[in-house]
Amino acid sequence: MTAHSTLIDRHERRWILISAALLASFAVLIGIAGFALGVQVPTLDRRVDPKKLNEDPMWSKPGVRELVPGRKYEVYLIAQTWQFVPREIVVPAGAKVTFYVTSRDIQHGFKVLDTDLNVQVIPGYVGKLSYTFKEPGEYKFICTEYCGLGHAAMSGVIKVVPPEEYTGSQ
Amino acid sequence: MGEYTLTRSEKRFIGWHLFVAIAALSIGSFYGPMQAFNYAGWNFYPTLRKWHIAQNYYQGLTLHGVLNAVVWTTFFITGFLTFNVIYGLRRPLKYPKLNALGFWMMVVGVLLASYAILANQASVLYTFYPPMKASWIFYLGLVLLVVGSWIEGYGFYFTLYEWKKQNPGVRTPFIAFASVATMVLWQLATLGVAIEALFMLLPWSLGWLEGIDVQVARTFFWWFGHPLVYFWLLPAYISWYGYLPRQAGGKLFSDTMARLAFWLFILLSVPVGFHHQFVDPGVAPAWKYIHALLTLSVVIPSMMTLFTVVASLEYAGIKRGGKGLLGWLAKLPWDDPVVAAQLLAGLLFIFGGIGGVVNASYNTNLILHNTAWVPGHFHLTVSTAVTLTFMGISYWLVPYLTGRELCCRKVALAQVYLWATGMAIFSQAMHSLGLLGAPRRTPLGEAPYVPPEWSGLLLRVGIGGIFLLTSVYMYVWIMAHTAFFGRKAEKPVEVQVAEPMRDVQLTPAWLDSWKPWIAGAVGLILIAYTPVLIDLLSHMVPVDAPKMKLW
Ligand code: HEM
Ligand SMILES: [Cu+2]
Ligand SMILES: [Cu+2]
């Protein structure tokens, strides 16, 4: 017997090798999902002074902007105690929607049910995340970070309409 | 080796740790079931407000998080580790007064923080995310708690150093080694939160800083927040490796692998904080992915632990007459509360571990971040694997320390099974709610957006809460009854430290040397954090709290 094999039991060595293979497969799979298939985490768009949102041309009128009709939209969304501005968002199905989300005051959360849209809303930082709603319907979004007494009432809705019925948001 | 006993004052000192721990649990774990009942639609908060027990859900939740996850854990752990250092090294602490100083600082810290919460000046939850601003008394209390625990840790280091000088070439006994290692991990971890508290939160709450950068604060917090969970878990592992094999009637399968696992946990538990920040805007995706990989690497020491603990138990079960592939399992002493608590803790922890892999997996985290899944997950880990193990430990340690017999063994056994059953029901429902998108930190019984489809699961959360409310007060009652009114034991409790199968001296010396491992851990932290911190610190956006009171 080598010195090595007295240190680690034969079965245990095999067990560790299996664990390592498992680990490698996790790493590869989430890497592929994230960097090749685009199931991506939110990124930083820019930093902003939360006190000066009203002076900023983009943030003084949050809401939906049409970039390419039927294909590309962007949404500027502000979270603040204790509401989202705007509370209702309308976009057409099948279009790529990019959300820019920031906070006017403290931390909040933005999570859209039945999608993988999820971002920690941090004052001073604009989170950027995109999604294509394939099916028309109503998608609730909810504040998922504790933000004080009104936290449990803080939510909104994204109305995804068939492209031919889309006449703009609000 | 003959029996070694602790002196009366050592016993009393450790006993004080457990007293504070259990007192905190008895208050903190009152609010958990109240939260669960709120989910189920049984809302007691109006009554709690009338009786001045909690102004609202969030004050209760802050107490729940702080008293359970910070106070119960930290005091039980420092007490248990003190026992392990003294008993493992078979010598007194080098400077008992230093450890006493650390302990009393911790107590003062807890009193200050609790005062701030109870005075309704700190309903910021146990993660105290800025720019919600608590009273400075709350932050000061937390600082004292952490610094006090450091001082107790220094006391361990001096003691081990002295022992090593007197025992050159001898392997440090496992329970003492692992306890000091846990303290080392804690000190690396708490550096992050100490920076956040001392340079950001405390001066800001005192009005010396106008604002602080929230993303920077979160980053320092999670530098601490993840290894914090290993600070909770490793003492449970000490019991699973160092005591449970003997308590079940066997031996520790491999002392070598147990130590290697501890070192790997120390290397891998700090440089991984971004797995709590996958959806934070301020950290680049590549760094999040690197932290995801480092996080997933704990699969290795975790699977090693599973192997060693199961192998040790299998040996015990076979010695007790178990036959066949799984016959050993049935032969384990499932009717001994000390053992059953740990077996059930380990069993539920398997699901906690699997859930943890999902949490850590970068993009799968998008589905569950900040949902009820997360408390579902950690009630399997800290509130079961750790807490139930600590309950099991206290069923022998409290009789040992007080010289009294454990009262009502049968009640203790029922307590343990009730806890595991309650947590299984509770946690399964919480995981499912999270997958449906239910947010955490929210009184779901009152949230207007909750759809009727969730009500079955919300009810199950409440049912789990009934089991747990019963179980936790059975535990507190048994402890109080044992410590204060228990029958004087005729013979002292035997401390059942597991012998390794092979002579400890065969464990290689590199597993008993500290410098290379600590240097490696520090190096990994620097690699994993320096570039991101430089970027964040050079673009800070200071933000102040809103003027209005938020709770
Ligand atoms: C007595 C049984 C317990 C029950 C029924 C219970 C129930 C709950 C529930 C329902 C929540 C979620 C609240 C929310 O997100 O809105 C929660 C949160 C939490 N629980 Fe427990 N719990 C129990 C025991 C424990 C124990 C023993 C610990 C720790 C050792 C613990 C640590 C925590 C922590 C850290 C949170 C998160 C607080 C936060 O989000 O700020 N719980 N608990
Ligand atoms: Cu909010
Ligand atoms: Cu973590």
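Start by selecting ligand 1 and Tyr57(B): an oxygen atom of the ligand sits 2.5 Å from an N or O atom in the side chain of Tyr57(B). Keep in mind as you go that this is a predicted model.

For a contact through the backbone, click on Thr442(B), where a backbone N or O atom lies 3.1 Å from an oxygen atom of the ligand. Now colour chain B by helix: helix 1 (8-40), helix 3, helix 15 (373-402) and helix 16 (409-436) are the elements that each give two or more residues to the shell around ligand 1.

Show the whole shell now. There are 25 residues around ligand 1, and those that come nearest are Tyr57(B), His64(B), His379(B), Arg440(B) and Arg441(B).

Is Gly434(B) buried or exposed? Gly434(B) is buried, because its relative accessible area is 0%, and the cut-off for buried is under 20%. Select its partners from elsewhere in the sequence: leaving out residues up to four places away, Gly434(B) touches Ile367(B), Thr371(B), Ala372(B) and Trp373(B). For a sense of scale, draw a C-alpha to C-alpha distance from Gly434(B) to Thr308(B); the two are 126 residues apart in sequence and 33 Å apart in space.

Now turn to the nonpolar cores. The largest one has 249 residues, and Phe99(A) and Phe138(B) are the residues with the most contacts inside it. Which helix gives the most to this core? That is helix 3 (residues 57-89) of chain B, with 20 residues. On the chain A side, the core takes at least three residues from each of domain 1 (1-39) and domain 2 (43-165).

Zoom in on Phe99(A). Beyond its neighbours within four places in sequence, Phe99(A) is in contact with several residues, among them Val75(A), Ile89(A), Phe110(A), Leu117(A), Leu129(A), Phe133(A) and Ile158(A). Then select Leu53(A), Trp59(A), Tyr76(A) and Ile78(A), which belong to a second, separate core of 7 residues.

Finish by colouring chain A by domain, with 1-39 as domain 1 and 43-165 as domain 2. The C-alpha centres of these two domains lie 39 Å apart.

How values were computed: Residues are numbered from 1 along each chain as its sequence is written. Chains are lettered from A and ligands numbered from 1 in the order in which they are written. This is a predicted model: local features need pLDDT of at least 70, side-chain atom pairs count only at pLDDT 80 or more; totals for chains, interfaces and linings use all residues. Side-chain values use heavy atoms; hydrogens and water are left out. A nonpolar core is a set of buried Ala, Val, Leu, Ile, Met, Phe, Trp, Tyr and Cys residues joined through side-chain atoms within 4.5 Å. Buried means under 20% relative accessible area, exposed over 50%, partly exposed in between (1.4 Å probe, protein chains only). Helices (H or I, at least four residues) and strands (E, at least two) are DSSP runs, numbered from the N terminus. Domain bounds come from an automatic or database domain assignment. Contact means heavy atoms within 4.5 Å. A residue is near a molecule or strand if one of its heavy atoms lies within 4 Å of it. A polar contact is a pair of N or O atoms within 3.5 Å; within protein, one must be able to donate a hydrogen and the other to accept it, and residues adjacent in sequence count only if both atoms are side-chain atoms.
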